[in-house]
Amino acid sequence: MTPASIVIPTRDRLSYLEVALASIAPAAAAAGAELLVVDDGVPSSATRELAARFGARYEPHPRPLGLNVARNTGVERSDGELVVFVDDDIRASPGWLPALLRAAHEHPDVEVFTGPVRASLEGPAPRSCGRERPPITTLELGQHDTDAEFAWGANMALRRGALKRVGPFDVSLEHGGDEQEWQERLRTDTPGARVLYVADAA
């Protein structure tokens with residue numbers, strides 16, 4: 001079985017996707033991991049060509065169907081023991097994938113892994129009253145591996161066995177809470193299930 005399948009849902013964001021693929025593809029090739037771009041727009045020759053340039057398989061939807069449908073498509077059309085989800089606007093650190101694979105090997109009892117998610121803002125900072133953080137997903141739990149409450153879709157790896165047991169992502173949830181809902185189902189199915197934060201998987 002392939003050690004890992006990296007799934008990147010995308011829709012009409014070629015410049016971001018190129019950065020993500022450039023940061024992921026070398027480590028994926030070195031690890032023998034498969035890389036999938038799931039296009040949730042209309043099929044695009046430009047996106048297909050970009051995916052091919054980085055050795056990724058292009059899996060388009062016929063029309064926009066939603067982020068969780070794209071995640072489920074990535075699961076269905078891959079075979080890695082670890083299914084790694086990232087957003088199309090991330091830049092993975094060079095040690096990101098090796099750290100996830102190491103953690104999965106060292107912790108066979110853990111079925112969900114995540115790592116640091118650090119925001120990089122373009123242009124001026126979002127305006128706010130100062131009491132609320134901008135609506136940007138981040139996760140920073142320190143310099144050592146530790147348990148986390150939840151993993152988020154920008155940097156989330158799940159064992160295929162857990163996906164088979166718990167079921168697919170809920171396609172009715174499209175505006176937040178979808179990753180959390182799946183992990184809550186996991187904990188109902190497997191009381192005491194852990195989410196491991198891997199400090200080097202940024």
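1. Both faces of strand 4 are covered, with Leu82, Val84 and Val86 buried on one side and Val83 and Phe85 buried on the other. Buried means under 20% relative accessible area, exposed over 50% and partly exposed in between (1.4 Å probe, protein chains only). Five of the five residues of strand 4 are buried, so the strand is largely enclosed by the rest of the structure.

2. This is a predicted model, in which local features need pLDDT of at least 70, side-chain atom pairs count only at pLDDT 80 or more, and totals for chains, interfaces and linings use all residues. Residues are numbered from 1 along each chain as its sequence is written, and side-chain values use heavy atoms, with hydrogens and water left out.

3. Helices (H or I, at least four residues) and strands (E, at least two) are DSSP runs, numbered from the N terminus. Strands pair if DSSP finds at least two bridges between them. Strand 1 and strand 4 run parallel and are joined by four bridges; Phe85 is the bridge partner of Val7. Strand 7 (residues 155-159) runs antiparallel to strand 4, with five bridges between them, and its Asn155 stands opposite Val86.

4. The buried residues of helix 1 include Leu17, Leu21 and Ile24. Such buried residues pack against strand 1 (4-10), strand 2 (34-39), helix 2 (45-53), strand 4 (82-86) and helix 4 (96-106).

5. Ser23 lies in helix 1 (residues 14-31) and is buried, with a relative accessible area of 16%. Leaving aside neighbours within four places in sequence, Ser23 is in contact (heavy atoms within 4.5 Å) with Ile90, Arg91 and Ala92.

6. Just after helix 1, Gly32 takes a positive phi of about 70°.
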